[in-house]
Amino acid sequence: MSVLRPLDKLPSLNTATILLVGTEDALLQQLADSMLKEDCASELKVHLAKSLPLPSSVNRPRIDLIVFVVNLHSKYSLQNTEESLHHVDASFFLGKVCFLATGAGRESHCSIHRHTVVRLAHSYQSPLLYCDLEVEGFRATMAQRLVRMLQICAGHVPGVSALNLLSLLRSSEGPSLEDM
Amino acid sequence: MDETVAEFIKRTILKITMNELITILKAWDFLSESQLQTINFRQRKESVVQHLVRLCEEKHASLNDAALLDIIYTQFHQHQKVWDVFQMSKGPGEDVDLFDIKQFKNSFKKILQRALKNSAQETKENAVWFESAWGNSNSQTTSRTPSSAPPARARTLWGQTFETHNSTTPLQERNLGLDINMDSRIIHENIVEKERVQQITQETFGDYPQPQLEFAQYKLETKFKSDLNRSILAEREEPLRCLIKFSSPHLLEALKSLAPAGIADAPLSPLLTCIPNKRMNYFKIRDK
């Protein structure tokens with residue numbers, strides 16, 4: 001299967017799986033470590049991938065949330081994300097995908113304009129989060145946030161679904177893209 | 001306080017920049033808060049230095065105190081020095097035993113103090129720094145006439161860190177060793193790809209440290225190539241002149257780490273990887 005589908009597998013008991021997609025393995029690894037430090041009633045699993053499609057030989061659990069990590073310092077990172085997005089089924093974009101832009105803090109190093117990722121996230125109807133993953137404090141906070149999002153996407157939070165969360169996040173967004 | 005100590009302190013303080021001065025003086029902890037408050041740090045540096053030296057005299061600073069100040073200055077500027085690093089290892093037949101770092105530090109200090117006179121120590125985090133001076137402490141350092149032999153005053157400074165290996169190794173190096181995180185909850189999907197990159201990098205760059213290089217320069221005289229179909233630049237007949245310069249404190253190591261870090265695809269362009277083989281780092285590139 002070269003396209004990831006959200007509901008093509010049965011969930012495992014009390015397990016929530018997140019897939020982090022990004023070119024810089026070191027950053028993904030650090031984020032994964034931070035997430036696993038969080039206290040969480042669900043059993044967490046973090047899959048790290050450089051790009052999609054994923055190798056088909058692996059026996060993997062159902063993926064509840066995909067986070068595309070884009071490093072604003074690297075055009076290569078953006079290009080990789082754009083190409084990987086083609087291998088994600090449309091139904092994933094109902095709250096189970098989000099974009100994470102890192103590196104905004106060091107503006108002089110940014111080779112991707114912020115608007116580019118904003119537009120990308122907007123065209124995929126998915127939330128965009130900013131976090132300088134290299135900074136431990138910011139990373140820990142983002143890890144917390146992602147764990148909560150993941151639990152919701154895995155259906156472990158009664159009364160809140162991924163789609164609910166998506167519409168909540170959308171309504172709190174600032175001015176629409178056209179106004180910018 | 002004798003002249004040599006005063007001179008030593010004066011020269012050390014002169015090296016410190018104004019914006020670091022207060023921080024370093026506080027770290028030194030020799031002059032009290034109230035004494036530091038009497039100094040107007042906004043004056044010219046020479047006046048500040050003179051004032052500080054006077055205060056040190058009043059407090060009878062010893063050579064040890066001056067050496068401590070120097071150690072602290074070096075700690076702040078450790079990145080500006082070239083260090084020799086030694087790793088402690090067990091001799092044949094010895095057991096590896098876990099030691100208590102505090103006890104180790106204390107006994108290490110005592111051994112140093114016994115073996116080397118005129119040595120000052122400072123512990124900071126997980127490191128023990130010490131400085132020792134050789135030479136005749138009675139000789140004048142300021143006077144150098146042809147008749148008197150210049151004093152042999154050598155100072156060695158080395159810091160040894162006792163941090164565990166993990167925290168000092170950058171993450172890139174961990175990946176090169178394919179030291180996959182022990183946590184089984186983290187799964188690397190692209191193991192095969194990572195191994196491929198690792199292998200290509202090793203084939204291209206070898207296992208040993210790369211030769212030290214700081215620049216590579218490429219002078220391009222090629223026609224402009226673009227993915228876009230229409231481009232004013234692509235329609236030019238003459239080659240475009242362009243100079244690309246790569247600079248880094250350690251260029252070849254940086255290139256070696258590009259693919260494992262995920263910043264570039266492997267294999268890298270042969271224009272970059274041929275540098276050690278061709279023993280060149282200035283290139284002129286023309287269209288064939």
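This is a predicted model: local features need pLDDT of at least 70, side-chain atom pairs count only at pLDDT 80 or more; totals for chains, interfaces and linings use all residues.
Two strands count as paired if DSSP finds at least two bridges between them; helices (H or I, at least four residues) and strands (E, at least two) are DSSP runs, numbered from the N terminus. Within β3(A), L65(A) is the bridge partner of I18(A).

Residues are numbered from 1 along each chain as its sequence is written, with chains lettered from A and ligands numbered from 1 in the order in which they are written. Local features need pLDDT of at least 70, side-chain atom pairs count only at pLDDT 80 or more, and totals for chains, interfaces and linings use all residues, while side-chain values use heavy atoms, with hydrogens and water left out.

The strands belong to an open sheet of six strands with parallel pairing, in the order β5(A)-β4(A)-β3(A)-β1(A)-β2(A)-β4(B). Its edges are β5 (128–130) of chain A and β4 (186–188) of chain B, each of which pairs on one side only. From one strand to the next the twist averages 25°, where axes are lines fitted to C-alpha atoms, for helices over the stretch in contact, and angles run from 0 to 180 degrees between N-to-C directions.

Strand β1 (residues 15–21) of chain A is mostly covered, with seven of its seven residues buried (under 20% relative accessible area; exposed is over 50% and partly exposed in between; 1.4 Å probe, protein chains only). T15(A), T17(A), L19(A) and V21(A) point one way from β1(A), whereas A16(A), I18(A) and L20(A) point the other way. Parallel pairing over seven bridges joins β1(A) to strand β2 (residues 43–49) of chain A, and V21(A) stands opposite A49(A) in β2(A). The chain passes from β1(A) to β2(A) through helix α1 (residues 25–37) of chain A in a right-handed β-α-β crossover (clockwise from the first strand over the helix to the second, with the strands pointing away from the viewer).

Helix α3 (residues 114–123) of chain A lies across β3 (65–71), β4 and β5 of chain A, at about 145° to β5(A).

Chain A has a mean pLDDT of 90, and 93% of its residues reach 70 or more (pLDDT is the predictor's confidence in each residue, from 0 to 100).

Methods
Contact means heavy atoms within 4.5 Å.
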